[in-house]
Amino acid sequence: MNLISDNKYSKMNINELKKDVSPFKAQNILITIVVLYIIAQSWVDTQMSISAIFNGWGNMVDYLSGNPDIKNSSYFPPNYQYDEIKTYLIAMLETLQMAVIALFISVIIAIPLSWFCSRNILDIMFPQQGIISTSIKKTLYLVATLFANICRSINEVIWALIFISAVGLGPMAGILALGIHTAGTLAKLLSEGNENIDNGPIMALESMGIGFIKILIYAILPQVMPHYISMILYRFESDVRSASILGFVGAGGIGFYLFDKIKSFENGSVCTILIIIISVVFIVDKISAFIRKKYI
């Protein structure tokens, strides 16, 4: 009798589980229809066309091949002149240095900012439940998230133009632009890690009357540090790529030479610069992957 009853309940549980995970629920079908409509409408409104790609393929090949009457207008072969390659490598080193300093600035800003962007961290900072404490938490959260949104919503190139007006042309403007933009992006990424921490160790320390600083050091940071390192490495890779473009507006780095050669239709040199950028980004990616595998 018990066996029959158990089988009956097992079948009921399996049926309920199938019903819960079924992709054909009305809600899932409605969401799918809405998403497909948005994609289709966006495709039409932006005038996307697969046929245009195939029809224009020959033009792209002609552009990469260059004009036979114009020297160095072809992307292939790249420019192998030693002096130029040396200049580009030095500029690429400057680009890497810009990314390093920008990352350093952004981490200093982003880590504490991410705490104010995390409701659970604010609850630990201000454990009181009164009106004043609640108002302070809401205000800090709103101000912090607004600041982070502003930082990351404005593109690095726009930030570079703003800082160029303040400090002039050169790497410093690019560093500040990358630092501010990355600080906003990192704050968002790190706050997501903060909000997924296990509250068990925190509650244990709180029950002992331990303050926020020690809770942060002994219960929060050990949990979020792997996430922090992973996100910081990811942003460094992104900053290296972004720093390569900031030279377009005079903010230092190899982007200055890239923009100059593109304007001059010296596409052989453009190809050389692109090879250098791709190689450096590849190396940075491999180093980041090694660090993640070793320490995360």
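Modeller: A residue counts as buried when its relative accessible area is under 20%. Keep that cut-off in hand; this is a predicted model.

Biologist: Why is Asn 267 called buried?

Modeller: Its relative accessibility is 3%. The cut-off is under 20%. Therefore Asn 267 counts as buried.

Biologist: Where is Asn 267, and which residues does Asn 267 touch?

Modeller: Asn 267 lies in helix H13. Leaving out residues up to four places away in sequence, Asn 267 touches Tyr 63, Asn 72, Ser 73, Ser 74 and Tyr 75. Contact here needs heavy atoms within 4.5 Å.

Biologist: How far apart are Asn 267 and Asn 79, in sequence and in space?

Modeller: In sequence, 188 residues. In space, 8.6 Å from C-alpha to C-alpha.

Biologist: Now the helix pairs. Why are H12 and H13 called roughly antiparallel?

Modeller: The axes of H12 (residues 255–263) and H13 cross at roughly 155°. Angles over 145 degrees count as roughly antiparallel. H12 and H13 are therefore roughly antiparallel to each other. Their axes come within 9 Å, and the crossing is left-handed.

Biologist: Which residues meet there, between H12 and H13?

Modeller: From H12, Tyr 257, Leu 258, Lys 261 and Ile 262. From H13, Ser 269, Val 270, Ile 273, Leu 274 and Ile 277. By class, this contact has 7 nonpolar, 1 polar and 1 charged residues.

Biologist: Which residues touch the most other members of the largest nonpolar core?

Modeller: Ile 220 and Ile 254, in a core of 46 residues. H11 gives the largest share of this core, 11 residues. Ile 254 touches residues including Tyr 88, Met 92, Ile 273 and Ile 277.

Biologist: Which residues does the second core include?

Modeller: Trp 159, Phe 163, Leu 178 and Ala 243 are among them. This separate core has 15 residues.

Note on methods:
Residues numbered from 1 in each chain as written. Predicted model: local features only at pLDDT ≥ 70, side-chain atom pairs only at ≥ 80, totals over all residues. Heavy atoms only, no water. Core = buried A, V, L, I, M, F, W, Y, C linked by side-chain atoms within 4.5 Å. Buried < 20%, exposed > 50% of the residue type's maximum accessible area, 1.4 Å probe, protein only. Helix = DSSP H or I, 4+ residues; strand = E, 2+ residues; numbered from the N terminus. Axes fitted to C-alpha atoms, helices over the stretch in contact; angles between N-to-C directions. Parallel < 35°, antiparallel > 145°, perpendicular 65-115°, else oblique. Left-handed = near helix turned anticlockwise from the far one by under 90°. Nonpolar A, V, L, I, M, F, W, Y, C, P; charged D, E, K, R; others polar.
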